[in-house]
Amino acid sequence: MNTPKRLFILGLPGAGKALVARTVAKKLDWKYIDADLGLEHQIGDHIAEILDDSGLKNFLKTQGRVLSQLKEKDNVVVTTDTSVVLSDENRELLHNEYSIYIKASVPTLIERYEHNPVPLLGNTNRKTLLDKLYKDRDNLYEQTAHLTIDTDIDYFDEHVSRILTEIN
């Protein structure tokens, strides 16, 4: 595979997507982009309203439009919304680019949440929600990504080095 011109970072809330993406972007001297930012504005609803059945379909289509625009950019590292893999079209688009799954187990996600709360999780039972997200999405992330980085073992510098080695 040729050196990719873009990296898309996938994973559950609290896995460390943004931290990894920012660090890799800085080391590559590329731009970091959070694809979540602005999705609410583009759709015209708040996340809580988006996540009903019809809203989720719109949300996933909007994510697809955003991803399509981002795949035209060079030298970017993009973090994606946790739900991006729920759409066949989004998974295909991401699989055709260089995607990296930042993986973490539910106990690790809960532990990280205690140190850095994730707004998406709100006041819900974190373990129940994260168990469901993990069960529903882990396989989809694995199938979509070209590289999986298991962040349960906290060797952050090694994770970043592995990504840099794999893409060059």
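What covers the buried residues of helix 6? Hold that thought while we set the ground rules. This is a predicted model, so local features need pLDDT of at least 70 and side-chain atom pairs count only at pLDDT 80 or more, while totals for chains, interfaces and linings use all residues. Residues are numbered from 1 along each chain as its sequence is written, and side-chain values use heavy atoms, with hydrogens and water left out.

**Stop 1: helix 6.** Select residues 106–115. Helices here are DSSP runs of H or I with at least four residues, strands are runs of E with at least two, and both are numbered from the N terminus. The buried residues are Val106, Thr108, Leu109, Arg112 and Tyr113 (buried means under 20% relative accessible area, exposed over 50%, partly exposed in between, with a 1.4 Å probe and protein chains only). On the face turned away, you'll find the exposed Pro107, Glu111, Glu114 and His115. As for the cover, it includes helix 7.

**Stop 2: Asp138.** Now select helix 7, residues 126–144, and pick out Asp138. Asp138 is buried, at a relative accessible area of 13%. Its side chain makes a polar contact with the side chain of Lys103, at 3.4 Å (a pair of N or O atoms within 3.5 Å; within protein, one must be able to donate a hydrogen and the other to accept it, and residues adjacent in sequence count only if both atoms are side-chain atoms). Setting aside neighbours within four places in sequence, Asp138 is in contact with Tyr101, Lys103 and Leu133 (contact means heavy atoms within 4.5 Å).

Stop 3: Show the strands: 5 of them form an open sheet in the order 2-3-1-4-5, with parallel pairing (two strands pair if DSSP finds at least two bridges between them). Strand 2 (31–34) and strand 5 (147–150) stand at the edges with a single partner strand each, so one side of each has no neighbour in the sheet. Zoom in on strand 2 and strand 3 (residues 76–79), which pair over 4 bridges; Val77 in strand 3 is the bridge partner of Tyr32.

**Last stop: Val77.** Leaving out residues up to four places away in sequence, Val77 touches a set including Leu7, Val24, Trp30 and Tyr32.
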